[in-house]
Amino acid sequence: MTSKTNSGNFFEDFELGAELVHPIPRTVTEGDQALYIALTGDRSPLSCSRPLARELGYAREPVHDLLVFHMVFGKTVGDVSLNAVANLGYADGRFLAPVYPGDTLRSSSTVIGRKQNSSGKTGVVWVRTRGENQRGEAVLEYTRWVMVNKRSPQSPEGERLIPELPSRVAPEDLVLPDFVKTADFPAWTTGGRAFFDDYEVGELIDHVDGMTIEESEHALATRLYQNTAKVHFDAVKTKDTRFGRRLMYGGHVISVAKALSFNGLENALGVLAINGGTHAAPCFAGDTVYARSELIEKAELPGRSDVGALRLRLLAVKDVDPASEPFEARVERDGKQRYAPSVLLDLDLWVWMPKRPSA
Amino acid sequence: MTSKTNSGNFFEDFELGAELVHPIPRTVTEGDQALYIALTGDRSPLSCSRPLARELGYAREPVHDLLVFHMVFGKTVGDVSLNAVANLGYADGRFLAPVYPGDTLRSSSTVIGRKQNSSGKTGVVWVRTRGENQRGEAVLEYTRWVMVNKRSPQSPEGERLIPELPSRVAPEDLVLPDFVKTADFPAWTTGGRAFFDDYEVGELIDHVDGMTIEESEHALATRLYQNTAKVHFDAVKTKDTRFGRRLMYGGHVISVAKALSFNGLENALGVLAINGGTHAAPCFAGDTVYARSELIEKAELPGRSDVGALRLRLLAVKDVDPASEPFEARVERDGKQRYAPSVLLDLDLWVWMPKRPSA
Amino acid sequence: MTSKTNSGNFFEDFELGAELVHPIPRTVTEGDQALYIALTGDRSPLSCSRPLARELGYAREPVHDLLVFHMVFGKTVGDVSLNAVANLGYADGRFLAPVYPGDTLRSSSTVIGRKQNSSGKTGVVWVRTRGENQRGEAVLEYTRWVMVNKRSPQSPEGERLIPELPSRVAPEDLVLPDFVKTADFPAWTTGGRAFFDDYEVGELIDHVDGMTIEESEHALATRLYQNTAKVHFDAVKTKDTRFGRRLMYGGHVISVAKALSFNGLENALGVLAINGGTHAAPCFAGDTVYARSELIEKAELPGRSDVGALRLRLLAVKDVDPASEPFEARVERDGKQRYAPSVLLDLDLWVWMPKRPSA
């Protein structure tokens, strides 16, 4: 192997404050949107209906929020997580501006934390990633942290900084574009009977449907995002890993769960923030994903009386439908509260939703 | 499960004359067209060649007829057939105007018939569905009927009306847009050597090719159409059904058979009507589909001397190639004429085709 | 089976000098581009980034070179290789003009060689294929030869001509459009650290990543190109062939290997020529593809001092990663030098690459 190829950064390579400019700017198109729907089953009306988008003030149908996330994320893999052992978490993610088909996304990341693990073989790296459009405007920012292999256990530990992360994005920092107007929101377009006012903190919504994911489906999605992490694609190399097979890109689980959550949250028109997230267990081809949402907070949006923000905890659960049988996300094991083995994902989101139109 | 989710209508919920406005208007794009080709193998030149479409008078390449059908149909599932036991048939379907990439489709359905079954546990519901574009112009209308579960066997039977359905759309009701002109039809673009004049009533055409369908392929197609019927997606829940596995969306079988039928019907430039159709047997991943067409009627189109209409009976057959071995669609079983077990689909269509150019 | 269907040409049908005009012109769209990325993992920045394409002088992002190749090739199958026993080779392929989304591709082929095999049951046919856009401008030309069944072993041998083929396209015949300018080439967009100057003849690059291909993935790709060769699609009919299963379209192997080769050749911005190519072994679903490039020649491009041409031998290897273990493409078997059994593809390409910017 020559030195011309990129074999990714190791823990030693991440210096605090370093800025990584990720290659391969990507023009997002209607083709990507169609594939996103076909791969995830997403039905978000705002992203699939041009007339609705225009009635709400958008120039046209915006690219799905999570498709933007995956495109921005995908670019970071070659520099951040090619040698990652685990994708540990997300925090403080904000969607800042709509992306339209034809826009071009690029990403850069700043190393904001690093900490060698006690084994001396790995370390944790925190990066703050910024996704921009072709005009250099930020469209998305988020923090994620990963466990990365060290090139050598002997190399020095280096600097140590564990960044402080907010437990959630504050409502006053949520960005819904000013141009959005919901005065004439045609609720028939979503089919949702419930509005912001109708949801209560503590409420659980089991989203009814399940989706079995095939090997080619997650691979198509992950390649679409130009995410090149080997573990998703190489059946030969993954045979000798602890899972013995290809691992699904966690982002595909997020998208499938989000798509399933449409049934019961039809009027959640867009994602404003990813407050945090954990991939509690790996997902593999053949798994069937179900989704449950728990409403954990409601907030007003700065300067708006027509829409509000719902904070949801979106759970993806594997092979067990929480709608059909008693289900607890947390169980006691070895004297500790842990995720039930069937929990794949625990994601904390802010979404926006129109208030009930006055009659 | 809270009441915010949609668990579909039951037989009791369908009132005669009720109008169901289906949510999620959908802008159809070039991305959907590309996926349609990749998923079905369709080669209809009118929908994949912009110059040909323009030579024939279209503004640009129109969306595939059956892609329009699936998009319109997909929207109805949440209101009509989420609790369906079986999709019993189609009738009186007419394509009324071309749809172009960028157009937005929406659907509504009227309940035109209902009849409780003798068991008291299910009933049959007939709906007339209308697909419209963003200007409110009808692009497609069809009738379908489904067997739907009752919420409770105890609930009263309700009204009973079995609608009269035409055995086929009358030729004078077929709509080919006036702007279509075939004077300079470049027949090399289709590769077809036979024109309207060359087909004879009673003729059988075995379409040579076969297509094996994978689990992910029908799932991608069905999600693309935002059709959410559980039986197509959930391997866990379908394990305990009588088939023990996911069932393919019948519309995917229609599209694959139609795509295969290109070989031998190259100059059939578009579908004018779906006269009727039966899914004779379920189709599953791994099945190989072959197609046979029988020419059952020829007709002139109102006001046109350059093109005519062919009425075809399109059969989709599973794992047996009618071109290679003797094949009868109907066999005697238990003293009755029934479909041979390998028959998946029996679809009755009107297509339009140019007449042989005079030399 | 009636005579209306196309069952393909046999050896007897190919007359020297005959011109075959292939049907089904195809408008290539953003949807096709998105699918190409999802199916192959391609990351070529020129084809996925509109701003980069414009900075380099293109009107917008051009269609992937190999997607153009597959579309042009796909059209030829019905006339050239429906009855082919084997796709023997490619030669003298040149990319002549960029194709943009919205352009329409059509193909025609001239029979330039034919030779009956000694068995009398098959023959070899050479065709020169030309791909054109909607203005009749050539965008691609290449020669390929296939072994085709005879309709009858008794039929006469016919004419015999074995065309002379160049061992590679001469550098002075390579076409890079005059409008291409690299003065401000933003190298961050590719992530490549190596430029034309940095590659040495004889250098080997093992491209690190591997890609396992699923049945539905190659089938989706092959249908997208409207390539109808039965062997790729029909699990029933292929059960009795010598492989006992569906065979992958060789072009999909080319595309996957080319996509993998991005890692280590990031600044190879486009393909100029296919000098030759051999499918050394069949590829099947479930195989994992790795790629190795050998740099076999460097050349200046006519009239340009800013970019040069690299001639690469691109190997696709199955289930063995040449980056991880000792690997020889050629091994001795039965006293002859032959391809190692794991070699799928040996492709000889010219690509273009900017020279290192002077500081």
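Author: Start with contact: two residues are in contact if their C-beta atoms, placed from the backbone, lie within 7 Å. This is a predicted model. Leaving out residues up to four places away in sequence, Leu140(C) touches Val68(C), Phe69(C), Val72(C), Phe95(C), Leu96(C) and Gly131(C).

Reader: In which strand of chain C does Leu140(C) lie?

Author: Leu140(C) lies in β6 of chain C, the strand of residues 138-149.

Reader: Is Leu140(C) buried or exposed?

Author: The test is a count: a residue is buried if 20 or more other C-beta atoms lie within 10 Å of its own. Leu140(C) has 24 such atoms within 10 Å, so Leu140(C) is buried.

Reader: What separation do the C-alpha atoms of Leu140(C) and Leu35(C) have?

Author: They are separated by 21 Å, and the two residues are 105 apart along the chain.

Reader: What about nonpolar cores?

Author: In soluble globular proteins, nonpolar side chains tend to be buried together. Here the largest nonpolar core has 249 residues, of which Val289(A), Val289(B), Val289(C) and Val351(C) touch the most other members. From chain C, this core draws at least three residues from each of domain 1 (1-28 + 63-165) and domain 2 (168-359).

Reader: Which residues is Val289(C) in contact with, leaving aside its neighbours within four places in sequence?

Author: Among them are Gly210(C), Met211(C), Ile213(C), Val253(C) and Val256(C). The list also includes Ala257(C), Leu260(C), Ala316(C), Lys318(C) and Leu344(C).

Reader: How are chain A and chain C related?

Author: One copy is superposed on the other, and the turn and shift are read off. Chain A can be laid on chain C with an RMSD of 0.0 Å by a turn of 120° and a shift of 0.0 Å along the axis. The two copies are therefore related as by a three-fold rotation axis. In chain A, Gly31(A) has the C-alpha nearest the axis, 2.2 Å from it. The copies use different surfaces, as 17% of the contact residues of chain A recur in chain C.

Reader: How many residues of chain A are in contact with chain C?

Author: There are 35 from chain A, in contact with 41 residues of chain C. On the chain A side, β2 (26-27), α1 (30-40) and α5 (215-224) each give two or more residues. The most come from α5(A), with six residues. By class, this side has 13 nonpolar, 13 polar and nine charged residues.

Reader: What confidence does the prediction carry?

Author: Chain A has a mean pLDDT of 96, with 99% of its residues at 70 or more. The model scores ipTM 0.97 and pTM 0.98.

Methods:
Residues numbered from 1 in each chain as written. Chains lettered and ligands numbered in written order. Predicted model: local features only at pLDDT ≥ 70, side-chain atom pairs only at ≥ 80, totals over all residues. pLDDT = per-residue confidence, 0-100. Least-squares fit on C-alpha atoms with pLDDT ≥ 70 in both. Helix = DSSP H or I, 4+ residues; strand = E, 2+ residues; numbered from the N terminus. Buried ≥ 20, exposed ≤ 12 C-beta atoms within 10 Å, placed from the backbone. Nonpolar A, V, L, I, M, F, W, Y, C, P; charged D, E, K, R; others polar. Core = buried A, V, L, I, M, F, W, Y, C linked by C-beta atoms within 7 Å. Domains from an automatic or database assignment.
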